[in-house]
Amino acid sequence: MSVSAVVLAAGGSTRFGKPKQFALFQGETFIRRIVRAAIESDCAPVVVVAAEDSVRITSELTQFTVTIEMNPDWQRGLGSSIVVGMRNAMNLAPDLDAAILLTCDQPFVTAAVLTQLIQLRLTSGKPIIASAYVETLGIPALFDRSCFSDLLRLKGDSGAKGIILTRPHDVASFNFPSGEIDIDTAADYEKLDQALAADGTRLG
């Protein structure tokens, strides 16, 4: 089964105060970490959707085989970046079977997590595999080819969660409690640092 990864990295990080794609987690930037996880789980192509910092992202990812696509309308919201990423992935791999949507700010998404998502698609037969955390469903999430048209219709700040919630019978949930940890603010980052320090490790 051919599975693409679409990494949504075009957010403005306004609540974080600086581009969080380049914040460090265990010695590696968030953007490098999630791209490496996608590649190690055999996702291909890996498409990174960027904003004005696409040059910096390109520089950060030189060692990886990825496609970096700038979304000129990134300020319109997440939906526009999903459309850009999906169109690019489908152009690169016309016979693509599925795509996984990823962001940079879920630090505990690993190659093992993505591999389990893909495996659940094969064993469940469901066209959507969504991560379950905090009594909700969300990303990282895998969408079968039959869902691509829905993803391409997204607009503005409407993300893929709406598709997941409106098609409950098409969804298999993957239990991923750590998925609730996303880094939106500097305070979130500090809490993550404190938790890791208590465990004997550090963000950087």
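Helix α4 (residues 111-124) counts 14 residues and spans 20 Å from its first C-alpha to its last, close to the 20 Å expected at 1.5 Å a residue. That expected span is 1.5 Å times one less than the number of residues. The model is predicted: local features need pLDDT of at least 70, side-chain atom pairs count only at pLDDT 80 or more, and totals for chains, interfaces and linings use all residues. Residues are numbered from 1 along each chain as its sequence is written, and side-chain values use heavy atoms, leaving out hydrogens and water.

The buried residues of α4 are Ala111, Val113, Leu114, Leu117, Ile118 and Arg121. Buried means under 20% relative accessible area, exposed over 50%, and partly exposed in between (1.4 Å probe, protein chains only). An α-helix has 3.6 residues a turn, so residues three or four places apart point the same way. The cover over the buried residues of α4 includes β1, α1, β6, β7, β8 and β9. Contact here means heavy atoms within 4.5 Å. Just after α4, Gly125 takes a positive phi of about 75°.

The chain has seven helices and nine strands. These are DSSP runs numbered from the N terminus: helices are H or I with at least four residues, strands E with at least two.

Seven strands form an open sheet in the order β5-β4-β1-β6-β8-β7-β9, with mixed pairing. Its edge strands are β5 and β9, each pairing on one side only. Two strands pair if DSSP finds at least two bridges between them. Neighbouring strands of this sheet are turned by 25° against each other on average, direction ignored. Helix α1 packs on the sheet, and its direction makes about 175° with that of β1. Axes are lines fitted to C-alpha atoms, for helices over the stretch in contact; angles run from 0 to 180 degrees between N-to-C directions.

| Element | Residues |
|---|---|
| α1 | residues 30-40 |
| β1 | residues 3-9 |
| β4 | residues 46-50 |
| β6 | residues 98-103 |

Strands β7 (residues 128-133) and β8 (residues 136-144) pair in the antiparallel sense over six bridges. Tyr133 stands opposite Thr136 in β8.

Ser80 sits in helix α3 (residues 78-92). Ser80 is buried, with a relative accessible area of 14%. Its side chain reaches the backbone oxygen of Asp73 at 3.3 Å. Leaving aside residues up to four places away in sequence, Ser80 touches Asn71, Asp73, Trp74 and Gly156.

Across the chain, buried residues make up 52% of the 204 residues.

Key
A polar contact is a pair of N or O atoms within 3.5 Å; within protein, one must be able to donate a hydrogen and the other to accept it, and residues adjacent in sequence count only if both atoms are side-chain atoms.
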